[in-house]
Amino acid sequence: MLTAEQLLATQKANLATLFDLGQKAFEGVEKVLELNLQVAKATLDEAAEHTKAVLAVKDAQELLALQASLLQPSAEKAAAYSRHLYDIASTTSAEVSKLAESQMAEAQKKFVSVVDNAVKNAPAGTENAVVLVKSAVAAANNAFDSVQKAAKQAADVAEANFQAITNTAVKATQAASTKSSRKAA
């Protein structure tokens, strides 16, 4: 049986974990806000530059050339923003997952310890039940490990797909921008 001190220690550990998770989440939000502020400032500066350039245009052909020259950097900036946002999300997720995994591992250890204690104090004739409980605990641990590995593999595949899509989009924009520049000239 768990004592009052053990229950209190568990609750304190759970609260500390909750605050750690909250801190990690807040740090992620803080990074996203910082990124968005940087993008907003850069966009405002670029809008002023673009406005000056448009006002200096003398004919339609020059306007088309200007628009074509602005298309590629915009797509690259959007892709860079997406990559940065994805990096923030994946880093925050990895930190939260790492913390959750360590807490889960600790909880598993404590549970196994409780089961072992119960097994040691089990009355005679309950050996079959003890074997069944130990088998169930081992199966649950194996299932948890399998789910963790599958989740990590899925995250790796998603990241690779995200990188491939981003690179393809930037290359397509570069190709379109080159074609537009040729037509304008």
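Me: Before we start, what does contact mean here?

Reply: Contact means heavy atoms within 4.5 Å. This is a predicted model, where local features need pLDDT of at least 70, side-chain atom pairs count only at pLDDT 80 or more, and totals for chains, interfaces and linings use all residues. Residues are numbered from 1 along each chain as its sequence is written, and side-chain values use heavy atoms, with hydrogens and water left out.

Me: Thanks! Which residues does Thr17 touch, not counting residues up to four places away in sequence?

Reply: Those are Leu99 and Gln103.

Me: Why is Thr17 called buried?

Reply: Buried means under 20% relative accessible area, exposed over 50%, and partly exposed in between (1.4 Å probe, protein chains only). Thr17 has 11% relative accessibility, so Thr17 counts as buried.

Me: And why does Gln148 count as buried?

Reply: Gln148 has a relative accessibility of 18%, and therefore counts as buried too. Gln148 lies in helix H3, residues 127–184.

Me: What makes Leu15 partly exposed?

Reply: Leu15 has a relative accessible area of 45%, so Leu15 is partly exposed. Leu15 is found in helix H1, residues 4–55, and Thr17 is in helix H1 as well.

Me: How many helices and strands does the protein chain have?

Reply: There are three helices and zero strands, running α-α-α from the N terminus on. Helices (H or I, at least four residues) and strands (E, at least two) are DSSP runs, numbered from the N terminus.
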